[in-house]
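Welcome, and take a moment to turn the model around before reading on. The paragraphs below walk through it one region at a time.

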Amino acid sequence: MPAPPASILAQPVTVLWGVGSERAALLARLEVRTVEDLLCHRPRRYEDRRHFRPIAQLAAGEPVLTGGRVVAAGTKRWKQRSRSLFELILEDGTGRLHCRWWNLPFMEAQFQVGDELVVFGKVRSLKPRTIDHPDTEVVEGGEERSIHIGRIVPVYPLTEGLTQRWLRGLIWRALAAAEPQIVEPWPTLDSTGRLPRARALRLLHFPENDGDAEAARQRLALDEFIGLQLAIQRRRRTLQTKAKSLPCGGDNRLIRPFLARLAFKLTEAQTRVLRETRADLAGPHPMRRLLQGDVGSGKTVVAACAALMALESGFDVAFMAPTEVLAGQQFARFRAWFEPLGVAVELHTGSRKTDGANGATLFAPASAPRASRPVTLWVGTHALLEPTFAPDKLGLVIIDEQHKFGVAQREQLVRKGRYPHLLVMTATPIPRTLGLTLYGDLDVSVIDALPAGRGSLRTFVRGADRLPKVWEFVRDQLRQGRQAFVVYPRVEDADLAAGTKAVLAEFERLKNALAPHRVGLLHGRMPAEEKERTMADFRANRLPALVATSVVEVGVDVPNANVMVIESAESFGLAQLHQLRGRVARSPHPAYCILVAAAKTAEARQRLKVLEETNDGFRIAEADLALRGPGELLGQAQSGLPQFRFGDLARDFALIEEARQLATTLLDRESSPHAAA
Ligand code: ADP
Ligand code: MG
């Protein structure tokens, strides 16, 4: 949190003794610009220098901390000076220790006879006592000594031109100068038993006992999380006080015939979510709801019902999908469902915009008679975000596969019209930690059970050497009338990581491998009509097999497809693979997902085994988060994810929850300052 300008914390590091413009430039490379940045420069690790081992007591083979005074130093060179050995000898009153560095001739300039050294390394032999390539630090006498010796010392991320000892000394002095000015940012924290912030910053750098550094990290992480939660909750409260809700609860006049004609009954989970949604749509504040449900759990029908509620109430609805293929597929689905009900359904994508006639009604001035056009469901892609798309009676915005969009885009669409309701849907099960951080301003509904009557899905991890067998299996399934997806990581050669296969080249090979069955190709760079044609052929089983990049990742619905082969599977995240295989999990036939990993990568194959073991999307997402971090799990679109210095989204769940509650308390107190007393 930014300190008030008068505080030393907000000053540039050049106010500190010993920091001129040159060193300030080096510190800036570490993102350290102000004194506060410096105090928040997090140690990379710690070194316990409380207990030094006398040289005479060193044992071979174990890493030790010791030290002494340099009594001799010199360099030997051979092979026309291309090889060198620099050696120095330390003496501590109990014995002598040789330290050696091979082929690092510049080390010689770092030490002088008479210097006192701290040395950390593994003892290689005892006769004479020798450590090769130890970590070393020259210690200076006087007050400096107590900073670097006899305590747990911090070891920082550095940049060329800075030394540990100098940076440690600088932070020590900065702490001494700034400590009295470090204030508690949140008054409520007084009573929570956490370290005060000033104390936390001291212990972060100079812990006194073993648990101190972690306790300090937690307090500082808590401050980060509270800052974020305050922003999220403030935004939510502003919306609730400023925005009046559009009445979109509906009157069942369209939903009733819609459900009656549907081939199946809604599951209990779907019905529960619809009840929550209706309460929001009829409520006093604009809905802000996240709908989570594993792939195939039936989110689209729920979205359709929500749309019908708004349409019944006389409002337009916009439905945004992440790709043209998906927008096209959902458009076809919604048109088949809604047109018999007298609701207009329009497609609005980059390659296919509303034609003139429709445009004329859509963009009619607000004064045009309302009755002149029926309420409309707009299905589209990012094109819906363009300024030219501006329906004047937009009551509800639905975003499918939310994780493909950024938070900013979500806001952009919602700002169209006067605070329409918002329903965002995602099949990426978001671990609760991340949910509270990313979607803390949304209410959450979960569809936690799949519709009954789904076939079983089994997943197998195989090495690339087993591919011939895999194709044999696929051919057998195709012969029985089933269909198959084959997925490759990327299209363009330029994008390929080493060993990753190019879908275009593989397409040719696969046509042979799966002959006599026909194979179609789908990738992101194809013209939209071509994509649509291929998808239509696949859906109608004119094409039994489809080779695709991960564009099939989300939403494509072809129940007859029961086999998915994913090549170079190790280059996908677990959550992404789980999504992909969801495409075939909806088949009424026994379904198979075969993850093919490059033969060498035993470690990667181990990771893939998680998918053999479980179908629980949440467990998989947690594993992915722990293994690859939140950026990977959520994809680029979520790069709006805040960067934390101290917080760790993969394991700080309890802290995030604590921060959320503290932020609520703080905001309650802000809005009614007297009630708190
Ligand atoms: P997702 O949640 O992945 O978007 P969809 O909405 O595409 O899933 O639904 C997957 C399939 O399940 C579709 O074919 C849909 O018609 C079907 N479905 C949805 N709800 C039910 C239900 N209650 N009973 C049976 N099938 C259902
Ligand atoms: Mg879907």
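A polar contact, as the term is used here, is a pair of N or O atoms within 3.5 Å. With that cut-off in hand, look at Thr-300 in this predicted model: one of the polar atoms in the side chain of Thr-300 sits 2.7 Å from an oxygen atom of ligand 1. The pair therefore counts as a polar contact, since 2.7 Å is within 3.5 Å. The protein hides 87% of the 570 Å² of accessible area that ligand 1 has on its own.

For Gly-298, a backbone N or O atom lies 3.1 Å from an oxygen atom of ligand 1. For Ser-297, the distance from a backbone N or O atom to an oxygen atom of ligand 1 is 3.5 Å.

Now widen the view to the whole shell. There are 18 residues around ligand 1, and those that come nearest are Lys-265, Gly-296, Lys-299, Thr-300 and Arg-454. Sorted by class, the shell holds seven charged, six polar and five nonpolar residues. Which helix gives the largest share of this shell? That is helix 9, spanning residues 299-312, with three residues.

Next, step back to the protein chain as a whole. Its secondary structure amounts to 20 helices and 21 strands. The chain has 677 residues, and 52% of them are buried. Its accessible surface is about 30,400 Å², and carbon and sulfur atoms account for 52% of that surface. The contacts also tell you how the chain folds back on itself: of those between residues at least 6 apart in sequence, 74% join residues at least 24 apart.

What about the cysteines? A disulfide is a covalent bond between the sulfur atoms of two cysteines. Searching the whole structure turns up zero disulfides.

Most residues other than glycine have a negative phi, and most peptide bonds are trans. Pro-128 belongs to the loop between strand 5 (116-126) and strand 6 (129-132). Another cis bond joins Ala-515 and Pro-516, where omega is about 10 degrees. You will find Pro-516 in the loop between helix 15 (503-514) and strand 18 (519-522).

Positive phi values turn up in loops too. Glu-31, a residue other than glycine, has a phi near 65 degrees, and its loop links helix 1 (21-28) and helix 2 (35-39). Ser-568 has a positive phi as well, near 50 degrees. The loop that holds Ser-568 lies between strand 20 (561-566) and helix 17 (574-585). Is Ser-568 buried or exposed? Ser-568 is buried, because its relative accessible area is 7%.

Finish the walk at Gln-164, in helix 4 (residues 164-178). With a relative accessibility of 14%, Gln-164 counts as buried. Leaving aside neighbours within four places in sequence, Gln-164 is in contact with Arg-44, Glu-137, Pro-154, Val-155, Tyr-156 and Leu-158.

Terms used:
Residues numbered from 1 in each chain as written. Chains lettered and ligands numbered in written order. Predicted model: local features only at pLDDT ≥ 70, side-chain atom pairs only at ≥ 80, totals over all residues. Heavy atoms only, no water. Near = heavy atom within 4 Å. Polar contact = N/O pair within 3.5 Å; in protein donor to acceptor, adjacent residues only side chain to side chain. Areas by Shrake-Rupley, 256 points an atom, 1.4 Å probe, with all protein chains shown as cover. Helix = DSSP H or I, 4+ residues; strand = E, 2+ residues; numbered from the N terminus. Nonpolar A, V, L, I, M, F, W, Y, C, P; charged D, E, K, R; others polar. Disulfide = S-S within 2.5 Å. Buried < 20%, exposed > 50% of the residue type's maximum accessible area, 1.4 Å probe, protein only. Contact = heavy atoms within 4.5 Å.
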